[in-house]
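Please keep the model open while reading.

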Amino acid sequence: MGNLLKVLTCTDLEQGPNFFLDFENAQPTESEKEIYNQVNVVLKDAEGILEDLQSYRGAGHEIREAIQHPNDEKLQEKAWGAVVPLVGKLKKFYEFSQRLEAGLRGLLGALTSTPYSPTQHLEREQALAKQFAEILHFTLRFDELKMTNPAIQNDFSYYRRTLSRMRINNVPVEGENEVNNELANRMSLFYAEATPMLKTLSDATTKFVSENKNLPIENTTDCLSTMASVCRVMLETPEYRSRFTNEETVSFCLRVMVGVIILYDHVHPVGAFAKTSKIDV
């Protein structure tokens, strides 16, 4: 409550870094290009993933018909034929989450390295900071769509049950979209999460910290808290906000701020909501 009151009554910007992070037009410098190009290969597919997820309608009708008429082979085949290509999409979404995780780890490595502070990194390497923000923005949009689409888990559950039954009965399984048991288990855990992409990024950030023991944890948590502060400052400062040329940049900043606060809460030993937190929430 104290931190919330502090934000509501704040009349200056002493609580955080005061610079403009150009989320709309930042371009990579020569030193950023290697990581930037690697991450860009992933991000260029992000919009297509969201479009596929938004258009995902599921095979609920076919599945219900097959379950209600278990002895009707035509209905069983129809349901299976409807579910298999959908599972192919779910596999693509899951595999994209793994690519996104690798991209995030690359960005964290660049934005937390010595000798620069998190503020210096974000101000100097704005193209990488922009990509970090784009990953978070995509993640929250993906999870919003997933949470409102129960067909995803229903389709995948039916696929796994049917596949198991076919294998027990020695029925040959054809099609490039078949998912083996190991992958199916990982996908099942992924889609069981309410916010699977955010969980993936949270786990990746935690793993990054644990694997880089020579890097102080503060380098990572300060990077996250600084990003949250930069977003807040840009939204609160008329001079900065007037530089946005796209009206969607405001919602972009808000989503990014939510994303980094959640990551901070997962990684920091006492979380984002303690009095000692560097994030005002």
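The model is predicted: local features need pLDDT of at least 70, side-chain atom pairs count only at pLDDT 80 or more, and totals for chains, interfaces and linings use all residues. Residues are numbered from 1 along each chain as its sequence is written, and side-chain values use heavy atoms, leaving out hydrogens and water.

**Helix pairs**

Helices (H or I, at least four residues) are DSSP runs numbered from the N terminus. Axes are lines fitted to C-alpha atoms over the stretch in contact, and angles run from 0 to 180 degrees between N-to-C directions.

| Pair | Axis separation | Angle |
|---|---|---|
| α2 (residues 33-43) and α5 (residues 73-111) | 9 Å apart | about 155 degrees |
| α11 (residues 217-236) and α13 | within 9 Å | roughly 155 degrees |
| α10 (residues 196-211) and α13 | within 9 Å | roughly 45 degrees |

Start with α2 and α5, whose axes pack at about 155 degrees. That makes α2 roughly antiparallel to α5. Angles under 35 degrees count as roughly parallel, over 145 as roughly antiparallel, 65 to 115 as roughly perpendicular and the rest as oblique. The crossing of α2 past α5 is left-handed. Left-handed means that the near helix is turned anticlockwise from the far one by less than a right angle; right-handed means clockwise. Contact means heavy atoms within 4.5 Å. On the α2 side, I35, V39, V41, V42 and L43 take part; α5 answers with F96, R99, L100, G103, G106, L107 and A110. By class, this contact holds 9 nonpolar, 2 polar and 1 charged residues. Ala, Val, Leu, Ile, Met, Phe, Trp, Tyr, Cys and Pro count as nonpolar, Asp, Glu, Lys and Arg as charged, and the others, Gly among them, as polar.

Next come α11 and α13, with axes crossing at roughly 155 degrees. That makes α11 roughly antiparallel to α13. Their crossing is left-handed. From α11, the contact residues include I217, L224, M227 and R232; from α13, they include V250, M257, Y264 and V267. The contact of α11 with α13 has 17 nonpolar, 2 polar and 1 charged residues.

Helix α10 also meets α13, at roughly 45 degrees. The two are therefore oblique to each other. This crossing is right-handed. L198, L201, S202, T205, T206 and V209 of α10 touch I262, L263, H266 and V267 of α13. The classes are 6 nonpolar, 4 polar and no charged.

**Pockets**

On a 1 Å grid over the protein atoms alone, a pocket is an open set of points where a 1.4 Å probe fits, with protein on both sides within 12 Å along at least five of seven lines; lining residues have an atom within 4 Å of a point. Grid points are joined across faces, edges and corners, and a volume is the space filled by probe spheres set on the points.

The largest pocket has about 450 Å³. Its lining has 21 residues, with E47, E134, H137, R141 and F252 nearest the centre. Helices α2, α3 (46-54), α7 (126-147) and α13 (249-267) each supply at least two. Helix α7 gives the most, 6 residues. The lining splits into 7 nonpolar, 6 polar and 8 charged.

The second largest pocket has about 330 Å³. Of its 14 lining residues, E73, Q76, T162, R165 and M166 are closest to the centre. Two or more residues come from each of α4 (60-68), α5 and α8 (151-168). Helix α8 has the largest share, 5 residues. The lining holds 7 nonpolar, 3 polar and 4 charged residues.

**Cis bond**

Which residues does a cis peptide bond join? They are T114 and P115, with omega about 10 degrees. P115 sits in the loop between α5 and α6 (118-124).
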